[in-house]
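This report describes selected local features of a protein model. The sequence and the structure are shown first, and the sections that follow treat one site or group of residues at a time.

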Amino acid sequence: MSRVLAAVAWPYANGPRHIGHVSGFGVPSDVFSRYMRMAGHDVLMVSGTDEHGTPIQVQADAEGVTPRELVDRYNRVIVEDLHGLGLSYDLFTRTTTGNHYQVVQELFAGLYDNGYIIARTTLGAISPSTGRTLPDRYIEGTCPICGYDSARGDQCDNCGNQLDPEQLINPRSKINGETPQFVETEHFFLDLPAFADQLNAWLDTREDWRPNVLKFSRNLIDDLQPRAITRDLEWGVPIPLEAWKDRTDKRIYVWFDAVIGYLSASIEWARRTGDPEAWRQWWQDPQAQGYYFMGKDNIVFHSVIWPSILLGYSGPKPQALGALNLPTEVVSSEYLTMEGKKFSSSRRVVIYVRDFLERYDADALRYFIAVAGPESNDTDFTWSEFRRRNNDELVAGWGNLVNRSISMAAKNFGEIPAAGELTAEDTALLASVRAGFDTVGQLIGKHRQKAAITEAMRIVGEVNKYFSDQAPWKLKEDKARMGTVLHVALQAVQDCNTLLTPFLPHAAQRIHELLGGTGVHAPMPEIREVEDLENGTTYPVLMGDYTVGTRWEHVEIEAGTALQAPTPVFKKLDESIVEEELARLQS
Ligand SMILES: [Zn+2]
């Protein structure tokens, strides 16, 4: 057994999340965490909503609400959506907590004390009409490198180069079109080049990462620059230095505060569960492992910047929290598109998690993401493929096997029948299914979930073939052999159900009960309303008791367990849903 930190990317709280978001970070991290717990590891899975930064401020201004009101709204929406998907966070919190502010300020102060934070005077843009700071990405102009006329102040989407807003030709505000003024402003920068050698040496030891992540990270280290970690903004974590802490116009940059969330959420979890020091077991024990899950646009923060922060806080001078572990692996997924197009809320190429869960089961989406999601290539979600996978694989493959084996046993025996002498076919099938605990488990452990669920479904196919070949419905005259075949089939169904539990936890719980099982098979997260540990406000979190539930192992079924005729576990989707959903997209 070992301790495993599952650090899951923080969804930004400026709106509801769509299925592209949860395919990148949510479902893969949950499959991994569920499997690791079932295999006996001590998992701590943490995340929360990312709630600071300019886009929140700008959107709140546009809606005439405070940033706090805006993030309160979307924090709750996102918590409910992730709950609906059954994502088993030990703690899903938010970045506006008193605890998070303390931890962020502690890391900032520690990095400063260790000499890795430098002050610099830079040019900042302000809006002449409001006097407020105009953030980089709200400035548009012509790219000085490629001439593209809609480059953003932080980056040109045409040539991909990073830009500073004052480099743009003919800069203009995207909010109201006016020309920004550039004024001198003082900011703090993280001295990233100071970590280049340590980062390279560390990446040399990361042999089992996905090759694209390693290569991308190495290229980033080649031209590291100091990176601003403060901003001219009122909404965010105050700067914890003497001359700065009371200033209301300067805040810690949102990306710097958000990556620290993995640590602050672990500390909040420990404080909430009665042992405030318990987080150290996942962050300081050299044997503990840390896996970080995200979409590929976030690799830089997890393979370069967050490790730099951890290294810089851990030495040379010891800081209050002590030295902190580097990530074991950065597990990045690629992009999901929808009907051949990039997800876009403004262009309505989108299906939000909430709308999806109103019309379809969570496990149908979890299945699609696992078997056809963007694990190592950009992939496309289409409604016809979603329907085909659901109907041909979940319903006709797995659901049908569950249904026909349990209903035939219920009808003919009213219970799990006892097995007589086993034939060579019987023992071969049982051995083949049991081998899945190794093969499927190893694949999940190596973040090859697509191969893992494909293997599990291949085993399901073998059991279906056994069932058809043995044809127990033709054995009415030989009740003993019929009982043996059904016993073998039900044993195989139970083992397959365990193999599929990390992917399909809701269905797995139902199938466990259809087989006469009681108690919790696949534990689920709960929404709890909690009080802030520092300031008395309340907010919803996801937490759960995941110490219960079925283990990753073969368990003998018990002859004589009462069975009832099952109702279908998965829903077949009518052909009409494809056109209905496509019409929604275009409306
Ligand atoms: Zn360009």
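## An exposed loop residue

E421 counts as exposed, because its relative accessibility is 74%. The model is a predicted one, and in it E421 belongs to the loop that runs between helix 13 (383–412) and helix 14 (424–445). When neighbours within four places in sequence are set aside, the residues in contact with E421 are D426, R481 and T484.

## The zinc site

The zinc ion has C143, C146, C156 and C159 as its protein donors, each through its SG atom, and these lie 2.3 Å from the ion. Along the sequence, the donor residues follow the spacing C-x2-C-x9-C-x2-C. The angles subtended by the four donor atoms around the zinc ion run from 104 to 117 degrees, and the arrangement is therefore tetrahedral. The reasoning rests on a cut-off: four donors count as tetrahedral if all angles lie between 85 and 135 degrees.

With a relative accessible area of 34%, C146 is partly exposed. C156, in contrast, has a relative accessible area of 0% and is buried.

The salt bridges in the model number 38. One of them joins the side chains of D30 and R366, with an N to O distance of 2.6 Å. D30 is part of helix 1 (residues 19–38) and R366 is part of helix 12, so the pair ties together parts that are 336 residues apart in sequence. D30 counts as buried at 0% relative accessibility, and R366 is likewise buried, with a relative accessible area of 0%.

D363 is located in helix 12 (residues 362–372).

The side chain of D363 does make a polar contact, at 2.7 Å, with the side chain of H506. Residues up to four places away in sequence not being counted, D363 touches L394, L504, P505, H506 and A507.

## Salt bridges within helices

R68 and D72 form a salt bridge in which the closest N and O atoms are 3.2 Å apart. Both residues lie in helix 3 (residues 67–84), where they are four residues apart, about one turn of the helix. R68 is partly exposed at 26% relative accessibility, and D72 is partly exposed with a relative accessible area of 33%.

E581 and R584 provide a further example, their side chains meeting in a salt bridge of 3.2 Å from N to O. These residues are three residues apart in helix 18 (residues 576–586), which means that about one helical turn separates them. E581 is buried, at 2% relative accessibility, whereas R584 is partly exposed, with a relative accessible area of 37%. Elsewhere, salt bridges link E385, R388, R389, D392 and E393 in a network.

## A buried serine

S217 is placed in helix 6 (residues 211–222). Is S217 buried or exposed? S217 counts as buried, because its relative accessibility is 0%; the cut-off for buried is under 20% relative accessible area.

A polar atom of the S217 side chain lies 2.6 Å from the backbone oxygen of V213. Apart from neighbours within four places in sequence, the residues in contact with S217 are L203, W209, I299, S303 and V304.

Conventions. Residues are numbered from 1 along each chain as its sequence is written. This is a predicted model: local features need pLDDT of at least 70, side-chain atom pairs count only at pLDDT 80 or more; totals for chains, interfaces and linings use all residues. Side-chain values use heavy atoms; hydrogens and water are left out. Donors are N, O and S atoms within 2.8 Å of the metal (3.2 Å for Na, K and Ca); water is not among the atoms, so sites may look incomplete. Four donors count as tetrahedral if all angles lie between 85 and 135 degrees; four count as square planar and six as octahedral if opposite donors are over 155 degrees apart and all others between 65 and 115; anything else is irregular. Buried means under 20% relative accessible area, exposed over 50%, partly exposed in between (1.4 Å probe, protein chains only). Helices (H or I, at least four residues) and strands (E, at least two) are DSSP runs, numbered from the N terminus. A polar contact is a pair of N or O atoms within 3.5 Å; within protein, one must be able to donate a hydrogen and the other to accept it, and residues adjacent in sequence count only if both atoms are side-chain atoms. Contact means heavy atoms within 4.5 Å. A salt bridge is a side-chain nitrogen of Lys or Arg within 4 Å of a carboxyl oxygen of Asp or Glu.
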